Amino acid sequence: MKAWLPLIPLLALLAFSPMASAGGVDPTDFDEPGLEERYRALLHELRCTVCQNQSLADSDAGLARDLRRELRTQLNAGSSDDEIIDYMVSRYGNFVLYRPPFSPATYLLWIGPFVLLGLGFVVLYLTSRGSRQGTKTTGVDSAARERARRLLGEGKDV
């Protein structure tokens, strides 16, 4: 048991090293202090097209690394946020945006959840209305009840 004790400092060093906690974001090298803030904001605004539900900041895919490198290059070249977003959209489509614009191509994306919610309420209303009407009507007359009693009574004697 004491043989592994000298390894504890080495394990702690590995666990808390910068490489262990780097995550998906590459190191940045900006000359101006405000560029890193813009870089971080754009990383969370743009989606990785491979991972589909991760931002460029969260993704570790090869394409995400390439997009982060392109983002740094454009920021260092002096491009504005809108120019960078326009470039990414022209290259990868609106799918690269977490908040795509409201256009005919994205109507279903924006309106679809509300339509489904409305349909759910209609189905719930119709179902509850039908069950309330079903409990009000008995639909069995006294002759049918008497016949059922006779049949059930005859079944007990056998």
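Biologist: Which helices are included in what covers the buried residues of α3?
Modeller: This is a predicted model. The buried residues of α3 are A64, L67, R68, L71, R72, Q74 and L75. They cover an arc of only 165° around the axis, so they sit on the same side of α3. What covers them includes α2 and α4.

Biologist: How far apart are the end C-alpha atoms of α3?
Modeller: α3 has 15 residues. At 1.5 Å a residue they should span 21 Å. The model agrees with that expectation, because the end C-alpha atoms of α3 are apart by 21 Å.

Biologist: Which residue just after α3 takes a positive phi?
Modeller: The phi in question is about 95°. The residue that takes it, just after α3, is G78.

Biologist: Is R68 buried or exposed?
Modeller: R68 is found in helix α3. Its relative accessible area is 0%. The cut-off for burial is under 20%. R68 is therefore buried.

Biologist: Which residue's backbone oxygen does the side chain of R68 reach?
Modeller: R68 belongs to α3. Its side chain comes to 2.8 Å from a backbone oxygen. That oxygen belongs to S59.

Biologist: Which side chain makes a polar contact with that of R72?
Modeller: R72 is also found in helix α3. At 11% relative accessibility, R72 counts as buried. A polar contact of 3.1 Å joins its side chain to that of Y39.

Biologist: Which residues of α2 are buried, and which are exposed on the other side?
Modeller: The buried residues of α2 are L35, Y39, L42 and L43. They share one side of α2, because their arc around the axis is only 105°. The exposed residues on the other side are P33 and E37.

Biologist: Against which helices do the buried residues of α2 pack?
Modeller: Among the buried residues of α2 are Y39 and L42. Y39 is joined to R72 by a side-chain polar contact, and R72 is found in α3. The buried residues of α2 pack against α3 and α4.

Biologist: What is L42 in contact with, leaving aside its neighbours within four places in sequence?
Modeller: L42 is buried in α2. Its contacts include L71 and L75, both of them buried residues of α3. They also include I84 and I85, which are buried in α4.

Biologist: Which residues touch the most other members of the largest nonpolar core?
Modeller: That core has 18 residues. In soluble globular proteins, nonpolar side chains tend to be buried together. The residues here that touch the most other members are L42, L43, L46, L56, L71 and L75.

Biologist: How far does α4 reach from its first C-alpha to its last?
Modeller: α4 runs over residues 81–92 and has 12 residues. At 1.5 Å a residue, 16 Å is expected. The reach in the model is close to that, at 16 Å.

Biologist: Which exposed residues does α4 carry on the face turned away from its buried side?
Modeller: The buried residues of α4 are I84, I85 and M88. They lie on the same side of α4, because they cover an arc of only 95° around the axis. They pack against α2 and α3. The face turned away carries D82, D86 and S90.

Biologist: What follows α4 with a positive phi?
Modeller: The phi is near 85°. The residue that follows α4 with this value is G93.

Biologist: Which residues is T106 in contact with, leaving aside its neighbours within four places in sequence?
Modeller: T106 lies in the loop between α4 and α5. At 7% relative accessibility, T106 counts as buried. T106 and N94 are 12 residues apart in sequence and 8.9 Å apart in space, C-alpha to C-alpha. The contacts of T106 are P100 and P101.

Biologist: What percentage of the residues in the chain is buried?
Modeller: The chain has six helices and zero strands. Its accessible surface comes to about 11900 Å², with 62% belonging to carbon and sulfur atoms. Of the 158 residues in the chain, the buried ones make up 21%.

Key. Residues numbered from 1 in each chain as written. Predicted model: local features only at pLDDT ≥ 70, side-chain atom pairs only at ≥ 80, totals over all residues. Heavy atoms only, no water. Helix = DSSP H or I, 4+ residues; strand = E, 2+ residues; numbered from the N terminus. Expected span 1.5 Å × (residues − 1). Buried < 20%, exposed > 50% of the residue type's maximum accessible area, 1.4 Å probe, protein only. Arc of directions from axis to C-beta. Contact = heavy atoms within 4.5 Å. Areas by Shrake-Rupley, 256 points an atom, 1.4 Å probe, with all protein chains shown as cover. Polar contact = N/O pair within 3.5 Å; in protein donor to acceptor, adjacent residues only side chain to side chain. Core = buried A, V, L, I, M, F, W, Y, C linked by side-chain atoms within 4.5 Å.
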